[in-house]
Amino acid sequence: MPDISLTTVVVLCLAALAAGWIDAVVGGGGLLLLPAMLLGLPGGTSAAYALGTNKAVAIVGTTGAAVTYARKAPVDVRMAVRIGLAALAGSTAGAFVAAGLSTDVLKPVVMVVLLGVGAFVIFKPAFGKAPSTAPVSPRRVVAAIGLAGLGIGFYDGLIGPGTGTFLVLALTALLHLDLVTASATAKIVNCCTNAGALATFAWKGTVFWQLAALMAVFNLVGGMVGAHTALKKGSGFVRVVLLTVVFALVTNMAYEQWIA
């Protein structure tokens with residue numbers, strides 16, 4: 001357990017609770033949780049400990065949300081696991097590339113893509129409101145494994161912020177899912193990528209396990225409540241949260257790129 005005050009521990013636990021809720025609804029919980037970890041840990045602590053502890057917390061909330069969704073939403077678990085395994089491979093490759101590449105070069109591109117996504121969702125109000133009744137073609141399945149799995153998984157290993165949001169959008173577009181089912185599927189994919197990342201951080205010994213265990217309880221509650229909220233409120237509610245997270249991501253990345 002790092003040497004931090006009780007007040008800081010309480011703030012981190014509340015951040016984990018809120019991040020679990022956001023992540024379960026539409027992804028992007030790391031936008032809140034990781035900065036909180038970076039600010040809350042003692043000065044001089046390696047960022048690897050923040051990343052490793054963050055993954056140990058996030059995987060618990062993501063798993064809780066995935067189980068909640070799988071019980072009540074029409075999730076194709078087999079499809080989600082196939083995409084998740086591809087995402088695991090992609091994130092591993094992305095992590096290797098990240099070691100020798102400045103991600104600052106890519107952040108402006110990601111911001112433009114996010115703004116384009118936000119505009120698309122705004123001007124296409126029917127996007128993700130109802131699933132298609134037509135069967136998904138094998139070509140679209142392969143595209144989902146390639147883009148949502150390998151592609152977004154690679155991005156997760158390379159940069160990270162907004163991975164869950166990108167997954168929701170890609171799964172909605174490629175597999176003709178409604179936003180609630182896409183969020184449910186994305187949670188299963190995220191379990192796979194988080195497991196791979198956590199294994200790496202654990203092997204390197206950069207996880208504060210006691211702090212992670214405490215925060216994980218709050219993240220689990222947030223994740224399960226978020227999943228129940230999304231299931232109850234429906235795709236219209238998820239759409240509003242999606243747009244909020246997209247523009248929050250753009251603002252955060254712009255701040256880090258040009259102001260901080």
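In this predicted model, Phe-154 touches Gly-90, Ser-91, Ala-93, Gly-94, Val-97 and Gly-149, with residues up to four places away in sequence not counted. Contact means heavy atoms within 4.5 Å. Phe-154 and Gly-90 are 64 residues apart in sequence, yet their C-alpha atoms are 4.1 Å apart in space. Phe-154 sits in helix α6, residues 138-158. Helices are DSSP runs (H or I, at least four residues), numbered from the N terminus. Phe-154 counts as partly exposed because its relative accessibility is 30%. Buried means under 20% relative accessible area, exposed over 50%, and partly exposed in between (1.4 Å probe, protein chains only).

Residues are numbered from 1 along each chain as its sequence is written. As the model is predicted, local features need pLDDT of at least 70, side-chain atom pairs count only at pLDDT 80 or more, and totals for chains, interfaces and linings use all residues; side-chain values use heavy atoms, without hydrogens and water.

The structure holds three aromatic pairs. Rings of Phe, Tyr and Trp (its six-membered ring) pair if their centres lie within 6.5 Å; planes under 30 degrees apart count as stacked, over 60 as edge-to-face and the rest as tilted. Trp-21 and Phe-237 form an edge-to-face pair, 6.0 Å centre to centre, with 80° between the planes. Trp-21 lies in helix α1 and Phe-237 in helix α10 (residues 235-258), so this pair ties together parts 216 residues apart in sequence. Trp-21 is partly exposed at 27% relative accessibility. Phe-237 is also partly exposed, at 24%. Tyr-155 and Phe-166 form an edge-to-face pair, because their ring centres are 5.4 Å apart and their planes stand at 85°. Tyr-155 belongs to helix α6 and Phe-166 to helix α7 (residues 163-175), eleven residues apart. Both Tyr-155 and Phe-166 are buried.

Helix packing was examined next. Helix α1 (residues 6-26) and helix α9 (residues 209-233) pack at about 35°, with axes 6 Å apart. Axes are lines fitted to C-alpha atoms, for helices over the stretch in contact, and angles run from 0 to 180 degrees between N-to-C directions. The α1 and α9 crossing is right-handed. A crossing is left-handed if the near helix is turned anticlockwise from the far one by less than a right angle, and right-handed if clockwise. Helix α3 (residues 47-72) and helix α8 (residues 179-204) pack at about 145°, with axes 8 Å apart. Helix α3 passes α8 in a left-handed crossing.

Notes: Helices (H or I, at least four residues) and strands (E, at least two) are DSSP runs, numbered from the N terminus.
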